[in-house]
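Keep the viewer open as you read.

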Amino acid sequence: MMKLDKGMTLGKKAVGLKPSGIRKFFDIVAEMDDVVSLGVGEPDFDTPWAVRDEGIYTLERGKTFYTSNSGLKELREEISRYLIRRLGVRYDPIHECLVTVGGSEAIDLAFRALVNPGEEILIPEPSYVSYTPCAILADAVPVPIPLKAENEFRLTPEELEEHITDKTKILVLPFPNNPTGAVMTREDLEPIAKICIKHNLFVVSDEIYSELTYTGEDHVSIVQIPHMQERTILINGFSKAFAMTGWRLGYCCGPAEVLSLMTKIHQYAIMCAPTNSQYAAIVALRDCYSEVEKMREAYNQRRRFLLHSFEQMGLPCFEPFGAFYVFPCIKEFGMTSEEFATRLLEEERVAVVPGDAFGESGEGFIRISYAYSLEALKIAIGRLEKFIERLRRSGSTK
């Protein structure tokens, strides 16, 4: 492996970033045999055939050129119609919508467009691993808000007020949540909205799991609350709901002034999202909602199986109503989340993610994804139960 010449230096911000706790752990998994992995947040369903067919068709017709920086006008119009149907909110597809390379790019763009050096971004945790690094790269100060299992990992008004300073600029709302599966209802969001208005905060609402909720009621977005649409960047995408992870397509909507800045950064960093993915996404939004419902029903069956299994083995876990993750507590065993996950992998060949990969408040928990077949889940749960029984017999508990 070649080395840099002496005296050559690297960017301090990039060097200082911690590697993803998820990817770091699964580098180990890649070198092992007979592992049942419940760690990656990727649907096990194929992209709906109509979407794949459109992607193939656009390639065959030679639709492989750049689109506008903001994305295909037809796709932005379809996104606008989709948000009217699902949330009852209207965005101008020309000035208030941007198509991005996955939702993660939209997070990066929003932070860079909104913050000045030293301003603070509030990040409820446990949460998705990209928020803190993106805040650091934008020269902002990430401020974690530790959420509690006794509150079902929802953000409370008291927790929010406690962390606001005169430097606070953005509140991240990561619901439905990865890794906990927590959701926020309208009753939860209304007092949060009042605080954001009182302190004049922007909100970055990451709603990538909005179609995967299991309460029997529709997902609620903070943009549906009066006076919040004008201060919120709504982020969503196609990876989770439509099983389109490899297509790398997301979008964001918000005030035109902010979206114009995000588009400017996007112009220089990306140019435009993949063209055939954009054409395919039009079909996803227009014609494939029944496929989403089938996937959601399958996820819900798996969710109920896991919760029942945890109850049977006496493993504490609050009931999550969103995304496709459960977040059981393993504090009784007197070891860190990483120690527990490492031993489970080594001794029973089951891969999960340590809870502290999603922030310090995730310590004492593990994330299990149920974006896997019921058969795989049954094998993994059988192995997990053996592991836990062995720990309890050996006295490896507090």
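This is a predicted model: local features need pLDDT of at least 70, side-chain atom pairs count only at pLDDT 80 or more; totals for chains, interfaces and linings use all residues.

Asp 44 forms a salt bridge with Arg 302, and the closest N and O atoms of the two are 3.1 Å apart. Asp 44 sits in the loop between S1 and helix H3 (49-60), while Arg 302 belongs to helix H11 (residues 289-313), so this pair ties together parts of the chain that are 258 residues apart in sequence. Arg 302 itself counts as buried, with 7% relative accessibility.

## Other salt bridges to look for

The structure holds 22 salt bridges. One of them joins Asp 34 to Arg 383, with 3.4 Å between the closest N and O atoms. This pair links distant parts of the chain, 349 residues apart: Asp 34 is in the loop between helix H2 (21-29) and strand S1 (36-37), and Arg 383 is in helix H13 (residues 374-394). Are the two partners buried or exposed? Asp 34 counts as exposed at 55% relative accessibility, whereas Arg 383 is buried at 16%.

## An open sheet of three strands

Now for some strands. S9, S12 and S11 form an open sheet in the order S9-S12-S11, with antiparallel pairing. Strand S9 (325-326) and strand S11 (353-354) are the edge strands, each pairing on one side only. Two bridges join S11 to strand S12 (residues 366-369), and Pro 354 stands opposite Ile 366 in S12.

Ser 369 is also found in strand S12. Ser 369 is buried, because its relative accessible area is 0%. A polar atom of the Ser 369 side chain lies 3.3 Å from the backbone oxygen of Val 40, and the side chain also reaches the backbone nitrogen of Ala 371 at 3.1 Å. Leaving out residues up to four places away in sequence, Ser 369 touches several others, including Leu 38, Gly 41, Phe 324, Tyr 325 and Leu 377.

## A covered strand

Strand S7 (residues 232-237) is mostly covered, and six of its six residues are buried. Thr 232, Leu 234 and Asn 236 point one way from S7, while Ile 233, Ile 235 and Gly 237 point the other way.

How do the neighbours of S7 run? Strand S6 (residues 202-206) pairs with S7 in the parallel sense over four bridges, and there Ser 205 has Leu 234 as its bridge partner. Strand S8 (residues 250-253) pairs with S7 in the antiparallel sense, also over four bridges. In S8, Gly 250 is the bridge partner of Gly 237.

## A nonpolar patch on the surface

Leu 4, Met 8, Leu 10 and Val 15 make a nonpolar surface patch of about 420 Å². Leu 10 lies in the segment before helix H1 (12-16) and counts as exposed, because its relative accessibility is 57%.

Conventions
Residues are numbered from 1 along each chain as its sequence is written. Side-chain values use heavy atoms; hydrogens and water are left out. Two strands pair if DSSP finds at least two bridges between them. Buried means under 20% relative accessible area, exposed over 50%, partly exposed in between (1.4 Å probe, protein chains only). Patches are made of residues with over 30% relative accessible area and no salt bridge: like charges are joined within 9 Å, nonpolar side chains (Val, Leu, Ile, Met, Phe, Trp, Tyr) within 5 Å. Accessible areas come from the Shrake-Rupley method with a 1.4 Å probe; for residues, only the protein chains shown count as cover. A salt bridge is a side-chain nitrogen of Lys or Arg within 4 Å of a carboxyl oxygen of Asp or Glu. A polar contact is a pair of N or O atoms within 3.5 Å; within protein, one must be able to donate a hydrogen and the other to accept it, and residues adjacent in sequence count only if both atoms are side-chain atoms. Contact means heavy atoms within 4.5 Å.
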